[in-house]
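Thanks for coming. I have one model to show today, and I will keep it short.

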Amino acid sequence: MGRAYDMALEVARALPPRANVLDVGCGNGFIAHHLSGMLGTTVVGLDVGDSTAARINYLPYDGRHFPLKDQSFDAVLLCYVLHHAQDAVLVLNEVSRVLRDGGVAIIYEDIPSLWWDRMVCWTHNRQWRGRTGPCTFRLEQGWRKTFTLAGFEIVSERALSRWRNLAHPVARRFYVIRSNQRTRDLTQTDNPALQQVADHAQAVRFPKWADRKYGLDVP
Ligand SMILES: C[S@@+](CC[C@H](N)C(=O)[O-])C[C@H]1O[C@@H](n2cnc3c(N)ncnc32)[C@H](O)[C@@H]1O
């Protein structure tokens with residue numbers, strides 16, 4: 001079976017049957033498609049593009065506001081999407097808004113741990129920056145800070161093998177996070193300094209020579 005099927009199976013195992021799921025940055029839509037069949041429910045996909053290859057319930061997204069009602073999903077998926085966001089906290093705020101009480105977000109992220117991982121991330125950034133803007137990769141500590149600043153707590157997390165996708169061999173992590181009202185009350189201010197901390201928390205900066213040589217623009 002393919003990558004999308006395997007990921008859908010992994011996600012389905014972390015969710016209750018018949019959970020209503022939103023797949024943010026659903027790409028070709030095949031994860032959402034397989035997950036719908038596994039959970040016996042409709043999975044809604046959002047992305048900044050016009051359409052998906054798989055036939056799913058798809059909504060185009062402006063990159064800022066999910067065109068969805070408050071508290072309408074049991075779970076939100078972000079599969080290798082948050083590093084594309086120009087403001088990860090803004091996206092997570094929207095995730096929090098559309099999640100029902102007790103709902104969870106499931107997040108897959110590339111982690112630039114070793115020089116090798118950084119090279120893979122650098123290549124990924126080169127492929128995507130012209131389409132959706134520069135990527136911001138974070139280390140484990142950086143994602144923890146970002147989740148906390150967006151008012152989430154980590155329910156579980158684990159490392160995934162970089163060899164699970166031979167075409168994109170990078171260290172990666174799987175997170176299940178839940179909105180934490182208490183953390184939200186403490187952190188959800190309009191304080192721009194806090195936003196900046198979130199945006200730059202442990203964000204990967206490629207070395208100067210790479211910036212100069214390859215014109216990198218990763219914050
Ligand atoms: C690496 S692809 C992953 C696609 C899919 N989630 C998967 O795992 O197969 C990243 C996706 O994020 C989308 N994307 C980029 N910027 C985004 C944003 N600000 N909000 C939501 N999705 C975004 C891209 O259009 C692309 O489909």
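This is a predicted model: local features need pLDDT of at least 70, side-chain atom pairs count only at pLDDT 80 or more; totals for chains, interfaces and linings use all residues.

Residues are numbered from 1 along each chain as its sequence is written.

First, the sheet. It is open, with 7 strands in the order S3-S2-S1-S4-S5-S7-S6 and mixed pairing. Strands here are DSSP runs of E, at least two residues, and helices are runs of H or I, at least four, both numbered from the N terminus. Two strands pair if DSSP finds at least two bridges between them. The edges are S3 (57–60) and S6 (152–160), each of which pairs on one side only. Strand S5, residues 99–110, runs antiparallel to S7, residues 172–179, over 7 bridges. Within that pairing, Ile-107 has Tyr-175 of S7 as its bridge partner.

Next, helix H5, residues 140–149. Its buried residues include Gly-142, Trp-143, Thr-146, Phe-147 and Leu-149; buried means 20 or more other C-beta atoms within 10 Å of the residue's own, with C-beta atoms placed from the backbone. These five lie on the same side of H5, because they cover an arc of only 165 degrees around the axis, taken from the directions from the helix axis to the C-beta atoms. After H5 comes Gly-151, with a positive phi near 85 degrees.

Key: A residue is buried if 20 or more other C-beta atoms lie within 10 Å of its own, exposed if 12 or fewer, and partly exposed in between; C-beta atoms are placed from the backbone.
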